[in-house]
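Visitor: Please take me through the salt bridges in this structure. I would like a close look at the partners and at how exposed they are.

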Amino acid sequence: MSEVNTERDSSSAPGSASAEQKAGIIKTVVGIVIAIAIMLMMFIHKINSPRVLTNEELRINGLFVLDQPRILSDFELKSHRGEAFTKESLNGKWSLVFFGFTHCPDICPTTMALLNELMTELNGSILDQSQVIMVTADPARDSVEKLAEYVPFFNPEFTGVTGDFLSLKRLGNQLNVPFVKVPQGDSYTIDHGGQVVIINPRGDYHGFMSTPLDLARMKLTYQSMVTASTCCGQ
């Protein structure tokens, strides 16, 4: 009887796989890992993206968007850095504008500190698109030098703006921010609107945050508005 060859090709042994099969398995596993990674990144992006509110929800939370942004007239003022501050200075970024004055005992420092907190909590991409501007309502006392001492105390990136009274008053009127000098003993104080005006990157009056200001609501509504405007080209 002839000897039976008991040797077998290792590639046909049970449980073994060819090189082509192994390569296919590796490709499948890599594909699954990539798909999971993409889904995870999309999930993280979604939970980190600011929630977009309706205009009604914005109003309920204190942010009012104008039906039609208002184009501002030209103006010429000066920043606390000694540079010209004009309508063009508002282009390219969302501007949060607050009218105040350095002798203000309460509302102004509180609002400036609140705006600084807001800047520290904004989503990174939205922060890069934003700037804060304090326009003085008391140009007689708030010189460039005075604002240079006051405004950077709250945040070195903030900009203080001054100029002649009539130019500042005209700008305030365009932005619906009233202010008036009120005698106070041998001196005076300034009564002024406490809202934070929002100028869009085209330099147009876009809306405002009404008082009383609240950090959580400001963050929620501002990020929502910028996100909606960016994605929808508003």
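Guide: Start with a cut-off: buried means under 20% relative accessible area, exposed means over 50%, and partly exposed lies in between. Glu121, at 37% relative accessibility, therefore counts as partly exposed. Keep in mind that this is a predicted model.

Now the bridges. A search of the whole structure finds 4 salt bridges. One of them involves Glu121: its side chain meets that of Lys219, at 3.8 Å from N to O. Lys219 lies in helix H7, residues 215-232, and Glu121 lies in helix H3, residues 107-121, so this pair ties together parts that are 98 residues apart in sequence. Lys219 is partly exposed, with a relative accessibility of 27%. Glu121 is partly exposed too, as stated above.

Next, take Arg141 and Asp138. Their side chains form a salt bridge, with N to O at 2.6 Å. Asp138 has 2% relative accessibility, so Asp138 counts as buried. Arg141 has a relative accessible area of 22%, which means Arg141 is partly exposed.

Then there is Arg202 with Asp204. The closest N and O atoms of this salt bridge are 3.7 Å apart. Asp204 is buried, because its relative accessible area is 11%. Arg202 counts as partly exposed, at 46% relative accessibility.

Asp138 is buried, and Asp204 is buried, whereas Glu121 is partly exposed.

How values were computed
Residues numbered from 1 in each chain as written. Predicted model: local features only at pLDDT ≥ 70, side-chain atom pairs only at ≥ 80, totals over all residues. Heavy atoms only, no water. Helix = DSSP H or I, 4+ residues; strand = E, 2+ residues; numbered from the N terminus. Buried < 20%, exposed > 50% of the residue type's maximum accessible area, 1.4 Å probe, protein only.
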